[in-house]
Each structure stands twice: as structure tokens, then as C-alpha cells.
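Here are my notes on this model, as numbered points. Please keep the structure open while reading.

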Amino acid sequence: MSPLAGVGRLRRSLPWLLLLVVAVAGCSKSRNDVLFTPGVGHPEDWIADHGKAYRKAPARCVECHGTDLKGGVSAVSCFSASFKGTACHPGGPATFIHPEGWGAWQRHGAAAKAAPGPSGGFAWCESCHGTDFAGGIVNTPCARCHGVPAPHPRAPWRGGPQTHATTNTANAPVCAQCHRHAGSGGQPGCFNGTLCHTQRGVHPGGWGDPTSHGPAAKGRPGPSSGFLFCTGCHGSDYRGNGAGVSCFPCHGVDAPHPPSPWRARFTHTTTDQGNAPVCLACHRNAHPPAGAAPGCFNNTLCHPHPPGWASPDLHGAGAKERPSPTRGFPACQSCHGRLFSGSVPGGSCYRSASCHTAPTPHSPAPWRPPGRTHTTTQDGNAGVCGLCHRRPSAPPSLPDNCFNNSLCHTQR
């Protein structure tokens, strides 16, 4: 055989040799690395594995099945009724991955904000809707419903079920496409200054001081105050959640408040009652009234007055005692208000004819026996009495006292 004949035979067999090399190379790699081997096809169990493979590297699928996955050079559409007896995705792109009712934000929103994975996270959404969320292979732009070309609805993104505070922080690289902080470098993160937040959360400087964040935490629940506002970043258990900052190392207790006592500088008496459902997690009364909503003064939490407290013989005697955290006029003020008009709902001392009938912590005159005498009131309450009974002629430097001419009595 001439040398030229050998060359010709080698040329004719070269394509088959190359195919063999490819096939051998394909079989020598793991199934995760090789999606398709010429002459062999997809790996074994491809029907079970192809969804995960697609989400991991969708660009490799479109090389053969087309950018719209309707056939491409393979002439095999992912949306066929079946292929060689195996059911495909006949409903088209809309049913490619998602269950019925997926269009409702309650369904897909939670999945989109979840940790990135094979069935959740913004990167998972990108695999079909495109890295710019403009439609991708399913030709369904997120802006059609969201109103903005993004994987989220329009602002505001605080409060309510559509808050961004519940988004898993591992989605930060996708968020960085639009929300990268100007001039920042490094790995995108929610609380490292690379995105919107130059410090933890959305707080101003000095937020770590209890006098700054405390009043906001105790405020009326809303988009920037109340215990529920704190849980958006610190977690429902206050252990850190997405912000990675637990309340416990500073507070000294596993709670959104410092250790007791809670009647001193960091008093709990200024906490808005709307926070009661959060307080209930730890402070539930052992025997709450049946069907009662969480509240600070309906015996569902810690503060039940003793039975029969409405009787003057009970609460009157307690109010006139020497001031303490639970006795005396100042203790009454902490819940009933400085002028006893009710700092809490239903807390006025003169809300009905059966009570005091005047904006005071005592009943109407006369206040001498045989009625409800004031003579048994401890002197330490004089500062509260001075709110109404201060003598106009008393020098400002003179402290309120029952028998120094600052109030009503010129002598004992």
C-alpha cells in the first residue's frame, strides 16, 4: 500500500477517531461536568437531573436547544408534549418550573428572597428571566408586574409582607447590579457598605446607644419603630438573622430589652402597647383570659392588678403608700399618665362617674374623715400633689412638702 493511500484512509477515519476521543473524554468526567456526549447522548437519569443542571448552567442548554429552548440545533423542544415517551413541559415557559398560582407574589416572593439554591434566590430567577430580569428565555419580564425592571416591587421596601428586610443576605451579589454603593469595592454584602447600608441596618450614627435605639424599639409599631421593626433584621428571636447582630451580647438577656429592673433608667413603662404581641413570647400570663388579645393591662401579660382592685379600699390605700416601684402616686403615673388622664388606653382615673370624676389621683372633696381622708397619704407623694396644690406664693426653690408652706398646710 502506497503512503498516499495510508494518508487517505487516515483522513477518512479521522472524524470517527475524534468522536471516539470526545466520547471517551466525556465518559471519563463526572456527570456534573458533561451534559451531552455525541453518539451517546445525555447522561443516565438525565430526566431526574436535568432541572438541577439547567439551573446551574442554563447557557450550556441553550447551545443545543436554542435561546428560547424550543429546539435549536437539536430540534428537540423542551416544551414538547413528550420525547421518546417522557413527558416534557407542554404548558410552555410559564409552567417550566413553577407550580400553579406562582404568579401571586405571596408564592414567588418568598422563594425569590430565599437563600440561593436550586429552587430559590434571585440567581435562580435569573436563569429564566435573565440577568437583567428583562424576560430571558421565558420572555417574561419582571417589570410587567413589578413596575420596575427588578426582582422586587416598587419602593418602599420596609414594613408589610413585601419588605426587603426578610431577603436572605446571600442574594447581595444580584442586588449589587443596581444597588452597589458608589465607590465601594469588595464582595457585595448587605451590611458592609457595598450596597445601600453603610452601617448595620438603616440606623443613624450612635444608634448603639440605648438612648437612641431604645425609644425607637419601644415606639408604636411601624416601618421604623417597634419591636417588629427590629425583627426585620435581627430576627424574630433577636439572635441576629440577616444583620448578623444579636441583641443579646449588649442587653445581657435573650430579649429586646436589658435585664430587670425595668422601672429605672431603661423603664418599660414607656413601651407602646402595640408591642404586646412581641412581649407575649416571653411574658405570657400563666392564666390569661380566654380569647383576650395580647395587652399590657388585660391580664394576658405580667400586670394584673389584684382582683377587686377597682375598689377604693384597695387601690386607694396602695396609691397613698410611700412611693416605690409598685406603690404611691408616682407608680400610678407610670401607667395612668402624669395628670392621671390615661397614658394607656382605658387608663384614665376619671373616665366615668363611678371613678374620680376629676383629673386627680384622688376622689372629690371632702378629704377629711369620715370620708376618704387624705391624711393617711405618705409625705413622699407631695411632689405629685404639687402639680395641682402648689401655693402660687411658694418660692420655686422650695420643694413640695405637706407642711412647709409649699402646698396647702402652713404647719402640721
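1. Start with the contacts in the protein chain between residues at least 6 apart in sequence: 30% of them join residues at least 24 apart. Keep in mind that this is a predicted model.

2. The protein chain holds 14 helices and 2 strands. Of its 412 residues, 31% count as buried. The chain exposes about 25000 Å². Carbon and sulfur atoms supply 60% of that area.

3. Which residues form the largest nonpolar core? There are 9: Trp102, Ala111, Ala112, Phe122, Trp124, Cys125, Phe133, Cys142 and Val174. Two elements give two or more residues to this core, helix H4 (105–112) and helix H5 (122–129). H5 supplies the largest share, 3 residues. In soluble globular proteins, nonpolar side chains tend to be buried together.

4. Look at Trp102 within that core. Leaving aside neighbours within four places in sequence, Trp102 is in contact with Arg107, His108, Ala111 and Trp124.

5. Now the packing of H5 against helix H7 (residues 172–179). Their axes are 8 Å apart, and the angle is about 65 degrees. Angles of 65 to 115 degrees count as roughly perpendicular, so H5 and H7 are roughly perpendicular to each other.

6. Which residues make this contact? H5 brings Phe122, Ala123 and Glu126, while H7 brings Val174, Cys175 and Gln177. By class, the contact of H5 with H7 has 4 nonpolar, 1 polar and 1 charged residues. Phe122 and Val174 also belong to the largest nonpolar core.

Conventions:
Residues are numbered from 1 along each chain as its sequence is written. This is a predicted model: local features need pLDDT of at least 70, side-chain atom pairs count only at pLDDT 80 or more; totals for chains, interfaces and linings use all residues. Side-chain values use heavy atoms; hydrogens and water are left out. Helices (H or I, at least four residues) and strands (E, at least two) are DSSP runs, numbered from the N terminus. Buried means under 20% relative accessible area, exposed over 50%, partly exposed in between (1.4 Å probe, protein chains only). Contact means heavy atoms within 4.5 Å. Accessible areas come from the Shrake-Rupley method with a 1.4 Å probe; for residues, only the protein chains shown count as cover. A nonpolar core is a set of buried Ala, Val, Leu, Ile, Met, Phe, Trp, Tyr and Cys residues joined through side-chain atoms within 4.5 Å. Axes are lines fitted to C-alpha atoms, for helices over the stretch in contact, and angles run from 0 to 180 degrees between N-to-C directions. Angles under 35 degrees count as roughly parallel, over 145 as roughly antiparallel, 65 to 115 as roughly perpendicular and the rest as oblique. Ala, Val, Leu, Ile, Met, Phe, Trp, Tyr, Cys and Pro count as nonpolar, Asp, Glu, Lys and Arg as charged, and the others, Gly among them, as polar.
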